[in-house]
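Hi everyone, thanks for coming.

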Amino acid sequence: MSVERTLAIIKPDAVAAGAAGKILTRVEQAGFKILALKMIRMSFDDAAGFYAVHSARPFFKSLCTFMTQGPCIPMVLEGGNAIARWRDLMGATDPAKAAAGTIRKDFAASIEANAVHGSDATTTAAFEIAYFFSARELQ
Ligand code: CMP
């Protein structure tokens with residue numbers, strides 16, 4: 001099992017709902033090391049740059065607006081197979097399809113306001129971690 005890093009975000013809907021602490025408890029109980037964490041409020045351009053890979057999708061503008069509606073909590077999680085394990089813990093993108101016991105099943109309201117984000121591969125994790133954290137913040 002290779003040690004990986006992944007970029008997770010507790011999204012504005014979950015922060016506004018007061019679910020950040022409960023989600024962080026699940027992160028810790030699953031054994032991830034929280035390598036770095038901050039609370040920020042993204043601008044539209046911040047969100048558009050982060051989600052640039054989705055820029056041609058019909059939901060892109062709405063997604064970027066949603067991500068600016070309040071503070072969010074990006075963090076870097078480290079652990080064995082962290083990318084896949086965090087995605088498993090999050091559950092399916094659409095909470096209606098998410099398995100019981102997953103974060104999105106328990107905290108997400110819709111496919112857009114889906115509580116959390118996680119990188120989907122090692123290359124995207126590297127881009128997404130560097131988007132929010134400098135090397136100095138990852139020691
Ligand atoms: P995330 O895992 O952060 O990656 C891209 C985001 O786009 C996704 O979570 C959702 O918030 C959003 N998204 C994906 N599919 C749709 C959709 N069909 N309609 C609206 N938003 C979507």
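I'll go through the sheet, then the helices on it, then a pocket and a single alanine.

Quick housekeeping: this is a predicted model, so local features need pLDDT of at least 70, side-chain atom pairs count only at pLDDT 80 or more, and totals for chains, interfaces and linings use all residues. Residues are numbered from 1 along each chain as its sequence is written, and side-chain values use heavy atoms, with hydrogens and water left out.

Okay, the sheet. Helices (H or I, at least four residues) and strands (E, at least two) are DSSP runs, numbered from the N terminus. Two strands pair if DSSP finds at least two bridges between them. Here four strands make an open sheet in the order β2-β3-β1-β4, with antiparallel pairing. At the edges sit β2 (33-37) and β4, each pairing on one side only. On average, neighbouring strands are turned by 25° against each other, direction ignored; axes are lines fitted to C-alpha atoms, for helices over the stretch in contact, and angles run from 0 to 180 degrees between N-to-C directions.

Now zoom in on β2: its antiparallel pairing with β3 (residues 73-80) runs over four bridges, and L37 stands opposite M75 in β3. Helix α5 (residues 82-90) packs on the sheet, touching β1 (3-10), β3 and β4, and its direction makes about 35° with that of β1. Contact means heavy atoms within 4.5 Å.

Next, α7 (residues 122-132). Which of its residues are buried? They're A125, E128, I129 and F132. Buried means under 20% relative accessible area, exposed over 50%, partly exposed in between (1.4 Å probe, protein chains only). Looking down the axis of α7, the buried residues fall within an arc of 100°, so they line one face of the helix; the arc is that of the directions from the helix axis to the C-beta atoms. T123 and A130 are exposed, on the face turned away from the buried side. Those buried residues pack against β1, α3 (44-50), β3, α5 and β4.

What about the pocket? The lining of the largest pocket gets at least two residues from each of α3, α5, β4 and α7.

Last stop: A108, in the loop between α6 (103-107) and β4 (116-118). A108 has 17% relative accessibility, so it counts as buried. Leaving out residues up to four places away in sequence, A108 touches P95, I103, A113, N114 and A115.
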